[in-house]
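Try each one on your own before you read the worked solution.

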Number of protein chains: 2
Amino acid sequence: MLPFEVTILGSSSAIPTATRNPSAQVVSIRERFFLVDCGEGTQIQIRRHRIKLQKINHIFISHLHGDHYLGLVGLLGSLHLLGRTKAMHVYAPEGLKEIIDIQHHYSQTFLRYPLEIHTIAGNNMQLLWEDDKVEVHAFPLQHRIPTYGFLFKEKPWQRKVIVEKIQEYNIPTPYIPQIKNGSDFVKTDGSIIPNEMLTYPPPPPRSYAYCSDTRFYPEVCQWIKGVNLLYHEATFEEQHKVRAKETSHSTGRDAGEIAKLASAGKLLLGHFSIRYDSTKNVLAEAREVFENCEAVEEGKKYEVC
Amino acid sequence: MLPFEVTILGSSSAIPTATRNPSAQVVSIRERFFLVDCGEGTQIQIRRHRIKLQKINHIFISHLHGDHYLGLVGLLGSLHLLGRTKAMHVYAPEGLKEIIDIQHHYSQTFLRYPLEIHTIAGNNMQLLWEDDKVEVHAFPLQHRIPTYGFLFKEKPWQRKVIVEKIQEYNIPTPYIPQIKNGSDFVKTDGSIIPNEMLTYPPPPPRSYAYCSDTRFYPEVCQWIKGVNLLYHEATFEEQHKVRAKETSHSTGRDAGEIAKLASAGKLLLGHFSIRYDSTKNVLAEAREVFENCEAVEEGKKYEVC
């Protein structure tokens with residue numbers, strides 16, 4: 001099965017450190033590459049971790065706080081200088097087009113490739129992009145400015161034919177696609193071979209949800225129920241719960257609660273505040289609620305399975 | 001003598017690499033700290049090289065190509081989050097205020113400190129800032145959009161009194177400041193002790209010029225004549241001289257010519273194109289014209305002397 005992976009490029013909250021960069025990650029699903037948030041320095045992280053920049057055709061920006069998008073103008077400029085001609089699609093809340101246009105105006109930058117900026121709005125789940133194998137949705141989070149999470153999921157796989165059975169019943173090739181889609185086979189004598197005798201069930205479609213930044217917001221579970229992997233911000237430790245509320249951020253424990261309510265398979269924590277020397281406490285607090293949990297490391301790949 | 005130093009934070013041209021960052025440097029003169037250009041990732045470089053961010057009160061942006069200013073909004077935001085209350089002065093060609101304002105509008109950022117943006121314009125040398133010890137000037141360069149270089153120089157030092165002579169002639173303390181300024185001393189009997197007998201000459205004022213980005217532009221020498229240290233962009237090798245002209249950049253040899261024409265003490269090369277694996281050729285080509293020359297290394301301090 002082609003991999004479905006998340007590579008973390010940045011995991012700090014607003015202020016980067018010498019070892020943690022602002023938010024950015026690459027989601028790769030069956031050889032489609034998506035950039036999710038693009039904090040300052042993302043293009044350098046992409047180079048450092050040897051990600052193929054030109055394979056990315058879609059960028060999703062959760063919100064317009066600088067630590068989630070300030071690397072975008074530089075990255076778009078580098079793609080231009082590197083000779084890109086293929087369209088780039090960027091999805092973000094209202095304002096990003098204006099922010100990019102004014103900078104391109106003063107720098108007299110005229111990109112060689114089409115830049116399509118799609119505005120995310122509304123209070124419900126919405127499909128942003130799909131092809132025959134993958135779909136990407138946005139759903140609202142609750143932060144200080146309009147902010148969206150993203151759900152990446154595979155479309156259901158086709159059933160897998162049992163080759164010996166196809167031969168045994170002499171099923172002609174033109175019928176195979178229907179059988180892969182779940183149809184029974186009707187023989188010339190009118191008798192029926194049920195699909196279950198001809199195929200194996202497909203693997204369940206895999207899914208990944210990205211939730212950053214947000215206050216504790218259990219309503220989000222309606223959109224991310226059952227995800228295999230959940231990335232959730234965990235800016236604060238419980239000792240700073242009040243500060244988390246004031247700034248519309250989550251604690252590690254909040255993230256654990258969301259993973260539990262959403263019946264996620266696994267939880268990744270990120271967006272760590274600079275005030276803590278390590279992620280030990282925030283991770284321990286999340287694990288009290290939801291055991292299968294990790295604090296992300298930059299450069300590391302996490303498999304969605 | 002208090003140091004006058006340049007710390008290189010970024011030395012790549014438009015596209016950063018895993019080892020070279022976009023343009024940024026800190027000039028420190030007798031405990032005043034100036035940031036010159038602020039490419040993407042500058043705040044991370046400042047942390048990495050342990051520069052005291054809050055000591056910087058003046059930022060000079062040469063022009064509005066992204067590799068010279070894209071780190072600014074993030075840096076200003078971090079200063080705010082770190083509790084700054086002191087004013088920050090930013091000097092840049094027209095457009096920067098608009099670029100910052102639109103981003104602060106969408107991120108709903110209200111800085112806790114005054115941000116004063118000063119627009120650089122015109123076709124001649126101009127004083128941007130001074131105090132009793134130091135002055136900073138801008139002068140035009142020749143690039144694709146309005147671009148300025150910066151000249152940092154000490155004001156002339158006072159003469160240094162010869163303590164034994166002051167005692168020998170019983171010169172009262174209130175006269176000392178005048179003597180340091182070069183006055184002779186008139187004794188009560190009307191006779192004159194010439195200043196040269198009472199003081200040592202001061203050290204010559206030190207100066208540093210920053211020239212990035214520009215095509216070969218010998219007219220610049222009128223403003224930077226005799227600088228102790230000159231930083232000059234050297235984007236290209238001679239083999240790409242045509243490309244240098246097309247893009248209004250310089251070669252290493254061009255930089256050497258400017259250093260020679262300006263009678264600079266020493267030349268630093270920077271703003272290297274990503275197309276070369278090393279700075280060996282560009283440095284060799286500059287040295288053919290001007291021997292006392294280095295290709296900058298990031299994190300390294302260069303003394304102005």
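**Exercise 1.** Find how many residues of chain A are in contact with chain B in this predicted model, and describe the interface.

*Solution.* 
- Start with the contacts: 37 residues of chain A meet 37 residues of chain B.
- Next, take the area. About 3100 Å² is buried between chain A and chain B, and carbon and sulfur atoms give 60% of that.
- Then see which residues of chain A contribute. A:Glu40, A:Ile44 and A:Tyr106 together supply 21% of the area that chain A buries against chain B, more than any other three residues.
- Now place the contact side on the fold. Helix 1 (42-48), helix 2 (72-81) and helix 3 (96-107) of chain A each supply at least two residues of the side that touches chain B. The largest share, six residues, comes from helix 3 of chain A.
- Sort this side of chain A by residue type: 17 are nonpolar, 14 polar and six charged.

**Exercise 2.** Decide whether B:Leu75 is buried or exposed, and work out what surrounds it.

*Solution.* 
- Locate the residue first: B:Leu75 lies in helix 2 (residues 72-81) of chain B.
- Check its accessibility. The relative accessible area of B:Leu75 is 1%, and buried means under 20%, so B:Leu75 is buried.
- List its neighbours, leaving out residues up to four places away in sequence: B:Leu75 touches B:Leu35, B:Cys38, B:Thr42, B:Gln43, B:Ile46, B:Leu53 and B:Ile59.
- Pick one of them, B:Thr42. It is 33 residues from B:Leu75 along the chain, yet their C-alpha atoms are separated by 7.5 Å.
- Widen the view to the helix: nine of the 10 residues in helix 2 of chain B are buried. These buried residues pack against several elements of chain B, including strand 3 (32-38), helix 1 (42-48) and strand 4 (56-60).

**Exercise 3.** Which residues touch the most other members of the largest nonpolar core?

*Solution.* 
- The core has 59 residues, and A:Ile59, A:Ile61, B:Ile59 and B:Ile61 touch the most other members.
- Take A:Ile61 as an example. Not counting residues up to four places away in sequence, its contacts include A:Cys38, A:Tyr69, A:Leu72, A:Val90, A:Leu96, A:Ile120 and A:Phe150.
- A:Ile61 also touches A:Asp37 and A:His68.

Methods. Residues are numbered from 1 along each chain as its sequence is written. Chains are lettered from A and ligands numbered from 1 in the order in which they are written. This is a predicted model: local features need pLDDT of at least 70, side-chain atom pairs count only at pLDDT 80 or more; totals for chains, interfaces and linings use all residues. Side-chain values use heavy atoms; hydrogens and water are left out. A nonpolar core is a set of buried Ala, Val, Leu, Ile, Met, Phe, Trp, Tyr and Cys residues joined through side-chain atoms within 4.5 Å. Buried means under 20% relative accessible area, exposed over 50%, partly exposed in between (1.4 Å probe, protein chains only). Contact means heavy atoms within 4.5 Å. Buried area is the accessible area (1.4 Å probe) that two parts lose on being put together, summed over both. Helices (H or I, at least four residues) and strands (E, at least two) are DSSP runs, numbered from the N terminus. Ala, Val, Leu, Ile, Met, Phe, Trp, Tyr, Cys and Pro count as nonpolar, Asp, Glu, Lys and Arg as charged, and the others, Gly among them, as polar.
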